[in-house]
Amino acid sequence: MAAAQQDGPERDRRRDGRPPATGPGERLALNGMGSFEWDLGAGTMVLDEAGLAVFDVAPEEFDGTPEGLGLRIPAEDAARLNESVISVLDGGGDTYGSYFTVNRRDGSDQWTHTQGRVLRHPDGRPYMIVGIVRDATPELAHATLLRKLETARAQQTTIVQRTTEALSRAVTVDDVTAALTGAGALERLGADGLALGLVEGASIKIIALSGESLEILSERKFTRLDGTLPLSQAVLSRKARFVTSLTELGGEFPLLAEYLGRIHYDAAAYLPLIAQAKAIGGLVLFYRRRSEFSPEERNLCLGLAGIVAQSLQRALLFDQEREFATGLQAAMLPRRIPEITGGEIAVRYHSAWSGREVGGDWYDVISLPRDRVGLVVGDVQGHDTHAAAIMGQLRIALRAYAGEGHPPSTVLARASRFLAELDTERFATCMYAQVDLETGGVRAVRAGHLGPLIRHTDGRTGWPNVRGGLPLGLATVFEQEEFPETRLDLVPGETLVLCTDGLVEEPGTAITQGMEALAHAVRSGPQGAGALADHLSDRLWERWGSGDDVALLVLRRAPDPGTHRAPRIHQYVHQADPEGLSEARYALRQALRDWGMPELADDVELAAGELLVNALLHTDGGAVLTMEVLPEPVRRIRLWVKDRSSVWPRRRSPGEAATTGRGLLLVDALATHWGVESRGDGKAVWCEFDADGSPRSVG
């Protein structure tokens, strides 16, 4: 204790040095507790034998002053105790109490508690402090133990909560192992290392290892379930085993001894994973600097094993169901894609990353009569095995209707009727196109589905306006089985892309954003159908299609560059694409420059513009522009503009004030020859230019 000097009368001390009794006729003499009287005026202190024992001071050593006791109190504690006393004296208080440390002779520190009462004159001036001192070590030791236990319980509760939260998001077995071995997982479990094994027949397969030096255990990835190793013993007996000496464990299990010397852990808990009264695997938690497992720690390990076991059981059941569902879905999709002449086809299918990874998206490529091919992408509502089953039946029905040679509108009308008769509430969207790769003609129909994207030979992309009807099934329910056809042309070298909405949709964003991203990816992608399909999958599906299934079909018509002596270019110009005209003119001029005939560029470009404008203004669709070199008998340029109208153009003689009607007159004046021919379901207007650039003479 530290001295606090205050004025006040002195009190006589007893001749024997003992303080007066604090009670009538009694002296406080309790085990581990002593009393004192502190004369503030004289600066002296009387301490009984029990009090001296608390301070571990012999009677002959005590000089009767507070400073004599202060030698046993650390300076920091003495300052804090002195501050408490002064605060009470100056503040007019009556009592104080404080804990401090006493340095005993044996070098140990003893927690001590003092409690004093201030005696004051009538005018309030203090003159004496009487009180007790006692050994508080047992009291504080118990409180410290309680705090440690409370802290341990809080830590255990946190471990259980965080582990449960992490595993609650695990769907597959891979998800479970990722939750147990990912960043911060060992800290979350309160362990330094981990090994997880699953029972497979008569063996245990280690499926996860985490922790320093534990990778060597992968050498025994498969072990027999025969009790020769501690984990298999725990699984067979269904009893946990807590080991605090891995060296002794090696003596009991010789097969493990060679590994235990190479891993740096002191203790381990071998825990069976029990789910539905069946041992499905085992979990080993490794620890450093641990010499015992308290009852609370054992219960924690058992609780963690129960949580892991339940998560693994759910994951195993999910994986089994997913394997069945994906197998069903794979059986519903076409096993192979037929080979085609005049082009190349690539298909890709991606399952959603969430859920059962099975849904109603599908694709199909159908060989049709007269060397045509049918292309289908569709999406049955839902993401479950029922959607996959409906998809399989609908795909087969649509394939059958298409294979019978029906026009596209009839194929979708019958497919809608078929789906409505399946007694299901599901509907389906679909895009179906019949393609003639010899002529490039495309007959496309939509049933509530995304239309096709076309990449032209010059790299431009466009979404042609394909008219559509209601989704399959709904069209029949609402008695609107009308699916109007749209005629398109796919020139040599152009690419047709069909996909389901999973490739262009992301929750919370407009589908137009996804369509723009798809168009950009197609423009920047490689030429080949397979390489382009991979490019789109890598760029878009992993970007925002992971939450939905994706079916992708890419068809590229074989390019037709002609030969070295007779080169050829093709270009398709959409009716509602003003940029297409300028792009076509540029392509013609560039080709003539490459072919060594730049002097024809002005005449050919002007004639092509007139023919294209006539086709786009007076027909009901786009036009295909072809320019080729005819080397025999005289090298010349031939220009073709093909459209789908059967009405032939006629040359007129417009009046002086007329603003139209001079197109064919210009062509006739510029070209050496021109004419019109029937081509399939339309016509082609052609004109020729001699390589020397001389125009036809006009009489």
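1. Arg 589 is partly exposed, at 29% relative accessibility. The cut-offs are under 20% relative accessible area for buried, over 50% for exposed, and partly exposed in between, with a 1.4 Å probe and protein chains only. The side chain of Arg 589 forms a salt bridge with that of Glu 605, at 2.6 Å from N to O. A salt bridge here is a side-chain nitrogen of Lys or Arg within 4 Å of a carboxyl oxygen of Asp or Glu. Because Arg 589 sits in helix α16 (residues 578–594) and Glu 605 in helix α17 (residues 601–618), the pair ties together parts 16 residues apart in sequence. Helices (H or I, at least four residues) and strands (E, at least two) are DSSP runs numbered from the N terminus.

2. This is a predicted model, in which local features need pLDDT of at least 70 and side-chain atom pairs count only at pLDDT 80 or more, while totals for chains, interfaces and linings use all residues. Residues are numbered from 1 along each chain as its sequence is written, and side-chain values use heavy atoms, with hydrogens and water left out.

3. How many salt bridges does a search of the whole structure find? The search gives 25. Salt bridges with shared partners join Asp 56, Glu 61, Arg 104 and Arg 105 into one network.

4. Glu 485 and Arg 443 also meet through their side chains in a salt bridge, 3.1 Å from N to O. Glu 485 is in the loop between α13 (474–477) and β20 (486–489), and Arg 443 is in strand β16 (residues 441–447), so this pair ties together parts that are 42 residues apart in sequence. Is Glu 485 buried or exposed? Glu 485 counts as buried, at 18% relative accessibility, and Arg 443 as partly exposed, at 25%.

5. A further salt bridge joins the side chains of Arg 414 and Glu 404, with an N to O distance of 3.7 Å. Arg 414 belongs to helix α12 (residues 408–420), and Glu 404 to the loop between α11 (385–403) and α12, ten residues apart. Arg 414 is partly exposed, with a relative accessible area of 32%; Glu 404 counts as exposed, at 52%.

6. Thr 244 is placed in the loop between β9 (241–243) and α8 (246–252). Its relative accessibility of 37% makes Thr 244 partly exposed. Thr 244 and Ala 267 are 23 residues apart in sequence, with 4.3 Å between their C-alpha atoms. Leaving aside residues up to four places away in sequence, Thr 244 touches Asp 266, Ala 267, Arg 290, Ser 291, Glu 292 and Phe 293 (contact means heavy atoms within 4.5 Å).
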